[in-house]
Amino acid sequence: MYQTLTYLHSTFRWIVLLSLVYALWRAFRGYFYHQTFSKTDDSVRHWTATIAHIQLIFGIILYVKSPIVKYFWKNFSEAKESLDLLFFGLIHISLMFTAIVLITIGSALAKRKNIDKEKFKTMLIWFAIALAVIFIAIPWPFSPFVNRPYFR
């Protein structure tokens with residue numbers, strides 16, 4: 001089960017990233033070109049948040065099942081000295097949870113705005129901050145924290 005969850009979580013990140021980038025592109029275009037906030041824009045906003053929440057569920061289940069995380073919490077005093085263990089035990093989940101909260105808040109605030117330009121602006125700001133946090137928290141092959149392959 002752990003290997004399957006690792007694969008799903010690693011693969012699904014690309015869907016999260018693509019949906020966020022697409023939502024940001026639509027928000028950027030809508031804001032700067034003074035477009036109306038269409039049903040498609042609202043669907044992109046909604047599905048981006050939904051996809052992020054699905055990834056969070058995968059992540060939480062993986063966190064609970066992970067032998068790395070179990071070792072980290074069982075041997076916290078020594079494990080916190082290892083950047084690899086600290087990253088997966090604490091940093092990754094904290095930053096990703098923060099990013100999902102930012103996406104959720106941005107989506108909810110954008111939904112409640114009455115002016116189209118404000119909807120796009122809200123999505124643009126909140127989703128961009130969330131994407132920046134996600135980029136920091138993903139264990140990229142080039143990450144200074146800990147690295148993993150692009151695909152597992």
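## Exercises on rings, charges and a pocket

In this predicted model, Lys 117 lies over the face of Tyr 31, with 4.6 Å to the ring centre.

**Exercise 1.** Determine which charged end sits over the ring of Trp 140, and state the aromatic cluster that includes Trp 140.

*Solution.* The charged end over the Trp 140 ring belongs to Arg 13, at 5.6 Å from the ring centre. Trp 140 forms one aromatic cluster together with Trp 14, Phe 135 and Phe 142.

**Exercise 2.** Classify the ring pair of Tyr 31 and Phe 32 as stacked, tilted or edge-to-face.

*Solution.* The count of aromatic pairs comes to 12. In the pair of Tyr 31 and Phe 32, the ring centres are 4.9 Å apart and the planes stand at 90°. Planes over 60 degrees apart count as edge-to-face, so this pair is edge-to-face. Phe 32 has a relative accessible area of 44% and is partly exposed.

**Exercise 3.** Classify the pair of Phe 72 and Trp 73, then assign Phe 72 and Trp 73 as buried, partly exposed or exposed.

*Solution.* The centres of the two rings are 4.9 Å apart and their planes are at 80°, so Phe 72 and Trp 73 are edge-to-face. Buried means under 20% relative accessible area; Phe 72, at 0%, is therefore buried. Trp 73, at 44%, is partly exposed.

**Exercise 4.** Describe the largest pocket and its lining.

*Solution.* The largest pocket holds about 590 Å³ of space. Its lining has 28 residues, and the closest to the centre are His 9, Leu 62, Phe 88, His 92 and Pro 139. The elements that give two or more residues are α1 (2–32), α2 (39–65), α3 (67–74) and α5 (83–112). α1 gives the most, with 7 residues. By class, the lining has 18 nonpolar, 7 polar and 3 charged residues.

Methods:
Residues are numbered from 1 along each chain as its sequence is written. This is a predicted model: local features need pLDDT of at least 70, side-chain atom pairs count only at pLDDT 80 or more; totals for chains, interfaces and linings use all residues. Side-chain values use heavy atoms; hydrogens and water are left out. On a 1 Å grid over the protein atoms alone, a cavity is a set of points where a 1.4 Å probe fits but cannot get out, and a pocket is an open set with protein on both sides within 12 Å along at least five of seven lines; lining residues have an atom within 4 Å of a point. Grid points are joined across faces, edges and corners, and a volume is the space filled by probe spheres set on the points. Helices (H or I, at least four residues) and strands (E, at least two) are DSSP runs, numbered from the N terminus. Ala, Val, Leu, Ile, Met, Phe, Trp, Tyr, Cys and Pro count as nonpolar, Asp, Glu, Lys and Arg as charged, and the others, Gly among them, as polar. Rings of Phe, Tyr and Trp (its six-membered ring) pair if their centres lie within 6.5 Å; planes under 30 degrees apart count as stacked, over 60 as edge-to-face and the rest as tilted. Buried means under 20% relative accessible area, exposed over 50%, partly exposed in between (1.4 Å probe, protein chains only). A charge sits over a ring if NZ of Lys or CZ of Arg is within 6 Å of the ring centre and within 35 degrees of the ring normal.
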